[in-house]
Amino acid sequence: MDEETRLIHAGHVDSLPASTVSPPIQRGSTVLLPNARALYDGTLGYGRGGLAAQFALMDALAELEGASGVQLFSSGLAAVTASLMAVLEAGDHILVVDSVYKPVRRFCDQVLRRFDVAVSYYDPALDADGLLALATPKTRLILLESPGSLSFEMQDVPAIATAARARGVLTLIDNTWAAGLLFKPLAHGVDISVQALTKYVCGHSDVFMGSAAASDPGLNAKLAAGVLDHGWAVSPDDAYQALRGLRTLSTRLARHGESGLTVARWLADQPQVLRVIHPALPDDPGHALWRRDFTGTCGLFSFLLQPGPDERVEAFLDALTLFGLGFSWGGFESLAINCDPQIRSRTIATRYDGPMIRLHVGLESPADLIVDLKAALAVYAA
Ligand SMILES: Cc1ncc(COP(=O)(O)O)c(C=O)c1O
């Protein structure tokens, strides 16, 4: 054969030379089938649905979620929107918590409404009876987030899931705050547990990915069909990074939670701080639910500054040196944002007595973070 042909066919790997701790990153759109019959007999025939790294990640996440199946998506937002598309039909109505992650609200308003799905936003303070009283015969699904990722309202998720199931209404929760570890939605009766793996699971602020998990095989089949029908796919390199992050999730999360509480308790004693909003603090309105249902906390919480003008809030943020100014969380680094522009976009008007700052407490020393916050609070007070 000519060299050009030999170079195309040389170096083919039929089987792996050895077993390693982590799965191989199998990069492949094309899958080579062993014989002509296998082309059409249901053998895995194409790489879009995942290969070694994606399957390993799906298995590990199913273990984490206590699920019978898990689907992967290219981002956390895609995991929420794709799950909705997988189970909703034209003419349906859904109830969405008003504290929902803002881009999900945009999807509901811009996309679902175009497909004749009606959307109502509900107050996160409603209990299960109050919430189900808003359901109509057309209500197909309730979308929860508990705690909310800016103002950390806790919901009685088990009670809502039970009441919804009794009415034949599906529940879907964005469980990113708990990272699949601190709260187990499926064990508490929720139908679909979604998380942005981008945050704590990946843990290094450099990968986008999302997952949707369900216990019911029929629901899993719907989620899987959605992936297949839309042609969604995640790369093996990203799946590998997510699986790598998952291995150290519990250790990192414990440290984030502990450091976050250290910083939160310190903030609560500062004169420039009106209130700390953290469900793991005993005086938080959501504390009893958090204590009952959660096994720990992550490093994301908010606090209210004493009332002051926007310029001083910006001066506070600009004075921070260890906290980056950024919208994400779950990585090893500390971050801060002001929340009020996002809170103003809610449907149900919520008044807070001072400007709201959200912190993500990273893996730095909490003592250093406190020094940084102290200096910035002095700027706020000046
Ligand atoms: C609560 C919550 N859910 C979902 C997402 C979306 O994740 P991704 O950035 O992977 O789309 C975010 C991102 O900030 C979030 O805060």
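This report describes aromatic pairs, salt bridges, a charged surface patch and backbone features in a predicted model.

Residues are numbered from 1 along each chain as its sequence is written, and side-chain values use heavy atoms, with hydrogens and water left out. Because the model is predicted, local features need pLDDT of at least 70 and side-chain atom pairs count only at pLDDT 80 or more, while totals for chains, interfaces and linings use all residues.

## Aromatic pairs

The structure holds five aromatic pairs. Rings of Phe, Tyr and Trp (for Trp, its six-membered ring) pair if their centres lie within 6.5 Å; planes under 30 degrees apart count as stacked, over 60 as edge-to-face and the rest as tilted.

One of the pairs joins phenylalanine 73 and tryptophan 232, with ring centres 6.0 Å apart and planes at 70 degrees, so this pair is edge-to-face. Phenylalanine 73 is in strand β1 (residues 69–73), and tryptophan 232 is in the loop between α7 (217–230) and α8 (236–247); the pair links distant parts of the chain, 159 residues apart. Helices (H or I, at least four residues) and strands (E, at least two) are DSSP runs, numbered from the N terminus. Phenylalanine 73 counts as buried because its relative accessibility is 2%, whereas tryptophan 232, at 26%, counts as partly exposed. Buried means under 20% relative accessible area, exposed over 50%, and partly exposed in between (1.4 Å probe, protein chains only).

Tryptophan 177 and phenylalanine 294 also form an edge-to-face pair, at 5.8 Å centre to centre and with 65 degrees between the planes. Tryptophan 177 lies in the loop between β5 (170–174) and β6 (192–196) and phenylalanine 294 in the loop between α10 (287–293) and β9 (300–305), so the pair ties together parts that are 117 residues apart in sequence. Tryptophan 177 and phenylalanine 294 are both buried. Together with Phe183, Trp177 and Phe294 form one aromatic cluster.

## Salt bridges

Ten salt bridges are present in the structure. A salt bridge is a side-chain nitrogen of Lys or Arg within 4 Å of a carboxyl oxygen of Asp or Glu. The table gives some of them.

| Acidic residue | Basic residue | N to O distance |
| Aspartate 237 | Arginine 27 | 2.5 Å |
| Aspartate 156 | Arginine 292 | 2.6 Å |
| Aspartate 353 | Arginine 351 | 3.3 Å |

Aspartate 237 forms its salt bridge with arginine 27. This pair links distant parts of the chain, 210 residues apart: aspartate 237 is in helix α8 and arginine 27 in the loop between α1 (3–9) and α2 (52–65). Aspartate 237 is partly exposed, with a relative accessible area of 25%, while arginine 27 is exposed, with 64%.

The side chains of aspartate 156 and arginine 292 meet in another salt bridge. Here too the pair links distant parts of the chain, 136 residues apart, with aspartate 156 in the loop between β4 (139–145) and α6 (157–166) and arginine 292 in helix α10. Aspartate 156 has a relative accessible area of 23% and is partly exposed; arginine 292, with 48%, is also partly exposed.

Aspartate 353 and arginine 351 form a salt bridge, and both residues are exposed.

## A negative surface patch

Asp310, Glu311, Glu314 and Asp318 form a negative surface patch. Patches are made of residues with over 30% relative accessible area and no salt bridge, with like charges joined within 9 Å. Aspartate 310 is in helix α11 (residues 310–319), and this residue is exposed, with a relative accessible area of 52%.

## Backbone features

The loop between β4 and α6 holds proline 147 and phenylalanine 152. A cis peptide bond, with omega about 0 degrees, joins serine 146 and proline 147. Phenylalanine 152 is not a glycine, yet it has a positive phi of about 55 degrees. Phenylalanine 152 is buried, with a relative accessible area of 2%.

Serine 205 has a phi near 55 degrees, again a positive value in a residue other than glycine. Serine 205 is found in the loop between β6 and β7 (210–214) and is partly exposed, with a relative accessible area of 45%.

Key
Patch = residues over 30% accessible without salt bridge, like charges linked within 9 Å, V, L, I, M, F, W, Y side chains within 5 Å. Areas by Shrake-Rupley, 256 points an atom, 1.4 Å probe, with all protein chains shown as cover. Lys, Arg positive; Asp, Glu negative; His and termini not counted. Charge placed at Lys NZ, Arg CZ, Asp CG, Glu CD.
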